[in-house]
Amino acid sequence: MDCRICGGTVTEFLDLGRQPSANRFVPPGRAAEEPLFPLAVGACGGCTMVQLTTEVPRELKYHDEYPYRASGSALHREHFARAARDLLRTELTGPDPFVVEVGCNDGVMLGTIADAGVRHLGVDPAAEVAALAAARGVRVLTDWFEARTAAAVRAVHGPADVVFGANTICHLPYLGSVLAGVDTLLTADGVFVFEEPYLGTIVERTAFDQIYDEHVFYFTVRSVRELARRFGFELVDVAPTPLHGGELRYTLARPGRRRPSPAVEQWLDRERATGLAHPRTVERFAEAVRRVRTDLVATLERLAAEGRRVVGYGAPGKSTTVTNYCGIGPALLPFICDSTPAKQGRVVPGARIPIAPPEAFRAPYPDFALLFAWNHAEEIMAKERDFAERGGRWIVYVPRVQVL
Ligand code: DWN
Ligand code: ZN
């Protein structure tokens, strides 16, 4: 296929089979309606951008009942409150600043901006999460962010000092249109700040469960620098963030308007040294992914043969990839508990494993718990200390299958 960014040739390196849209948690009776799509990733020989080879229509992904709630963990609430305070302190300092967020979800970041009385607008296509944001005082436009919406926002609200996105920019296949929109919106000295899954972390930790239909792109510093250049921006800063197992936050500005931080070159050097974009690196990653599948299935089958009770903990979008790729269904995992009310009473797309509220975990405790929400391990293990104290064991599969 042709690269969505530069038109170069994309060479596939990992095929995760036919999969449903990761966040379409449907009631059990409606499970048969699920469309399946090939889920595979490849790297562009031109600009190095790693991307999905097939696209799921956006209406299927970001529908009105989109269940993900970004405020669902203390880690996220604290991280985004800090991100908002940083923007207020460093960028939103003029007489009447304005910030636009691409995909504001339930207002986890913009809530702090709204509390500070600063002009803002969240653009999010999913009606239920947008309503949650509005209920906490965040101004929301229920739509997709692209060149068209950005022009409409500028016409009504004027230019923005900051366009922000968190785990939303890699979701948008039409990044040319997104960056044209950012160009329309930003003031001369404005910045586009976005934090997204990092291919370096995914490869280093064999975190293949970050690969699903919503994540169209898997950024590296090099591919983001190319992307910025191609669409008239400059990558001026890169910083690590702790969410989703370790992401990067990128800052883009108009060329020559900001002095690039030394971090940009340092990250590029690191990527060169580790050969991140090299075909051998991604092929080794694909081998490690297949090993995790073999080990995880063998572990669950062994425990089932021994008559042990195993349930899942956390039903992130990531759990759809893992269960469907590994062929894990209700026979190996009778249910998964998750704190998100919008997921409870539904089933994991494709794998059709029922989702129960966290109380089901304690009634009674299972022998083993497979932790799908491994990026929230600290918070979850602290919350469920009693499980381990009574002899319960956690199973993790990142970076490799381990029974803790
Ligand atoms: O990019 C995306 C990011 C921002 O969020 C989206 N494509 C979808 C989503 O990814 P995810 O579904 O992998 O997100 P999380 O944050 O890893 O999901 C954690 C899941 O675990 C949620 O369903 C909530 C659940 N959970 C729980 O049951 N008990 C989480 C915590 C902290 C808990 O204590
Ligand atoms: Zn390319």
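# Zinc site, helix contact and backbone exceptions

Trainee: P364 is found in the loop between β14 (355–356) and β15 (368–371). What is omega for the peptide bond from A363 to P364?

Mentor: The model is predicted, and the angle is computed from it. Most peptide bonds are trans. The bond from A363 to P364 is cis, with omega near -15°.

Trainee: P399 lies in the loop between β16 (393–396) and β17 (402–403). Is the peptide bond from V398 to P399 cis or trans?

Mentor: For the bond from V398 to P399, omega is near 5°. That makes the bond cis.

Trainee: What is the geometry of the site of the zinc ion (ligand 2)?

Mentor: The protein donors are the SG atoms of C3, C6, C44 and C47, lying 2.3 to 2.4 Å from the zinc ion. The angles among the 4 donor atoms are 95 to 120°. Four donors count as tetrahedral if all angles lie between 85 and 135 degrees. The site is therefore tetrahedral.

Trainee: How many residues apart in sequence are the parts that C6 and C47 tie together?

Mentor: The donor residues are spaced C-x2-C-x37-C-x2-C. C6 lies in the segment before β1 (10–19), and C47 lies in the loop between β2 (37–44) and β3 (50–52). The pair therefore ties together parts whose separation in sequence is 41 residues.

Trainee: Is C47 buried or exposed?

Mentor: C6 is partly exposed, with a relative accessible area of 24%. Buried means under 20%. C47 has a relative accessible area of 3%, so C47 is buried.

Trainee: How are helices α10 (residues 279–305) and α11 (residues 317–326) oriented to each other?

Mentor: Their axes come within 10 Å and cross at roughly 75°. Angles of 65 to 115 degrees count as roughly perpendicular. The two helices α10 and α11 are therefore roughly perpendicular.

Trainee: How many charged residues does the contact of α10 with α11 have?

Mentor: From α10 the contact draws on V289, R290, R293, L296 and V297, and from α11 on V322, Y325 and C326. By class, 6 are nonpolar and none polar, and the number of charged residues is 2.

Trainee: T206 and Q210 each lie in the loop between α7 (199–204) and β9 (217–218). What is phi of T206?

Mentor: T206 is buried, at 8% relative accessibility. Most residues other than glycine have a negative phi. T206 has a positive value, near 50°.

Trainee: What is the relative accessible area of Q210?

Mentor: Leaving aside neighbours within four places in sequence, Q210 is in contact with residues including P197, H244 and K318. Q210 is buried, with a relative accessible area of 3%.

Methods. Residues numbered from 1 in each chain as written. Chains lettered and ligands numbered in written order. Predicted model: local features only at pLDDT ≥ 70, side-chain atom pairs only at ≥ 80, totals over all residues. Heavy atoms only, no water. Donors = N, O, S within 2.8 Å, 3.2 Å for Na, K, Ca; no water. Tetrahedral: all angles 85-135°; square planar, octahedral: opposite > 155°, others 65-115°. Helix = DSSP H or I, 4+ residues; strand = E, 2+ residues; numbered from the N terminus. Buried < 20%, exposed > 50% of the residue type's maximum accessible area, 1.4 Å probe, protein only. Axes fitted to C-alpha atoms, helices over the stretch in contact; angles between N-to-C directions. Parallel < 35°, antiparallel > 145°, perpendicular 65-115°, else oblique. Contact = heavy atoms within 4.5 Å. Nonpolar A, V, L, I, M, F, W, Y, C, P; charged D, E, K, R; others polar.
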